[in-house]
Amino acid sequence: MAGLFANARFIVAALALALIVGVAAPAGAQQRNSDNSVNPTASAVKEDQLLNALKSGPGGGDSISGRVSIPDQKSGNLIQPAGQAWRAFHEGALHWLAAIAILGMLAVLVVFYLMRGMVKLENGRSGRSIVRFNAFERGVHWMTAGCFIVLAITGLNISFGKSLLLPLFGADAFAAWSQWGKYAHNYLSFPFTLGVVLMLLMWVANNIPNGVDIAWIKRGGGIVGNDHPPAYKFNAGQKVIYWIVVLGGGCVATTGYFLMFPFYGTDIAGMQLAQVIHATVAVLFIAAMIAHIYIGSIGMDGFSRSRPAAA
Ligand code: HEM
């Protein structure tokens with residue numbers, strides 16, 4: 001009798017379980033809307049349904065958004081598939097681009113220096129010095145250059161610090177360094193932008209390309225070969241550097257402020273684009289400035305303050 005009772009209890013329990021499963025399966029299926037998209041606000045969304053929804057559709061599916069009760073409705077965006085393309089750029093293509101541009105430029109300059117050496121003054125120093133840039137111009141140049149160097153180091157730390165420095169510094173020191181780096185990157189952007197604007201205004205008239213530049217380029221500019229072609233205040237090479245600074249600086253500043261003040265000027269897709277442009281232009285800019293620093297230092301004689309020739 002007791003065995004019969006135990007069997008009956010087992011049968012009732014099995015029937016109850018079957019009923020629950022039978023009811024739950026259609027309820028689970030209802031988490032998909034009629035257009036076959038997932039309803040992320042359903043009471044029990046399954047993770048694999050969300051992941052499957054992400055795989056479907058061109059470009060990895062649509063965003064998955066739910067409802068939130070706070071005023072900022074953007075926070076209801078659970079998954080944004082375009083972020084995966086952005087991450088692929090940030091973790092992959094950007095690393096290659098930066099390595100090729102920056103290390104490639106260094107390698108080219110080392111080879112060039114070994115082959116060409118320092119470009120010497122033809123007839124030594126004249127003993128006379130002339131004011132080529134006044135104190136204000138020099139101040140603007142060094143303010144902008146100083147900011148640029150810090151922006152470049154702290155920017156590269158955002159891109160590469162985690163893989164290159166974190167293992168060396170350890171987590172605590174890397175976190176402190178990155179935090180200060182981020183403050184520096186944010187705050188020094190303002191004097192950097194001011195410097196770029198002042199350079200634009202101070203030197204634009206002398207940097208409009210003209211026919212003399214064509215002749216200068218055709219004659220190798222004095223750095224390729226031993227010719228010494230004439231130029232006005234700025235030669236064609238210096239004009240190229242000038243426009244890289246003005247246009248590159250304007251570009252990193254514009255895109256950088258979109259990132260620094262998120263959602264004021266654009267949405268998440270716009271910020272991803274801004275970040276891609278910012279990082280791409282920044283690494284090319286750094287490579288160009290390495291060449292500028294080379295020519296302004298060990299690449300060419302006369303970079304130090306002109307001293308009167310010994311009598
Ligand atoms: C006005 C000028 C600039 C502003 C407003 C600015 C702003 C920013 C902001 C807000 C970020 C994102 C930081 C983060 O993700 O926490 C960033 C990243 C970065 N910046 Fe700048 N920046 C400026 C100039 C520069 C310059 C001149 C360089 C280099 C020459 C540079 C290189 C970078 C790099 C490499 C990153 C990291 C990109 C990444 O891996 O995501 N920035 N910048």
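Predicted model: local features only at pLDDT ≥ 70, side-chain atom pairs only at ≥ 80, totals over all residues.
A crossing is left-handed if the near helix is turned anticlockwise from the far one by less than a right angle.

**Entry 1: α4 and α6.** I began with helix α4, residues 135–164, and helix α6, residues 171–203, and found that they pack at an angle of about 145° with their axes 7 Å apart. The crossing of α4 and α6 is left-handed in the sense noted above. When I sorted the residues of this contact by class, I had 20 nonpolar, 11 polar and two charged.

**Entry 2: α8 and α9.** I next looked up helix α8, residues 236–260, and helix α9, residues 268–296, whose axes come within 9 Å and cross at roughly 150°. Angles over 145 degrees count as roughly antiparallel, and α8 and α9 are therefore roughly antiparallel to each other. I recorded this crossing, too, as left-handed. On the α8 side I listed the residues that meet α9, including Ile-241, Ile-244, Val-245, Gly-248 and Phe-258, while those on the α9 side include Met-271, Ala-274, Gln-275, His-278 and Phe-285. By class, the contact of α8 with α9 has 15 nonpolar, seven polar and no charged residues.

**Entry 3: α3 and α9.** I then turned to helix α3, residues 82–116, which packs with α9 at an angle of about 5°, their axes being 10 Å apart. Since angles under 35 degrees count as roughly parallel, I wrote that α3 and α9 are therefore roughly parallel to each other. The contact of α3 with α9 divides into 22 nonpolar and five polar residues, with no charged ones.

**Entry 4: the ligand.** Which residues are closest to the ligand? I found 25 residues surrounding the ligand, and the closest are His-90, Ser-159, His-185, Gln-275 and His-278. I looked at the side chain of Ser-159 and found one of its N or O atoms 2.6 Å from an oxygen atom of the ligand. For His-185 I noted a polar side-chain atom 2.7 Å from a nitrogen atom of the ligand. Lys-182 also has a side-chain N or O atom 3.3 Å from an oxygen atom of the ligand.

Conventions
Residues numbered from 1 in each chain as written. Heavy atoms only, no water. Axes fitted to C-alpha atoms, helices over the stretch in contact; angles between N-to-C directions. Helix = DSSP H or I, 4+ residues; strand = E, 2+ residues; numbered from the N terminus. Parallel < 35°, antiparallel > 145°, perpendicular 65-115°, else oblique. Contact = heavy atoms within 4.5 Å. Nonpolar A, V, L, I, M, F, W, Y, C, P; charged D, E, K, R; others polar. Near = heavy atom within 4 Å. Polar contact = N/O pair within 3.5 Å; in protein donor to acceptor, adjacent residues only side chain to side chain.
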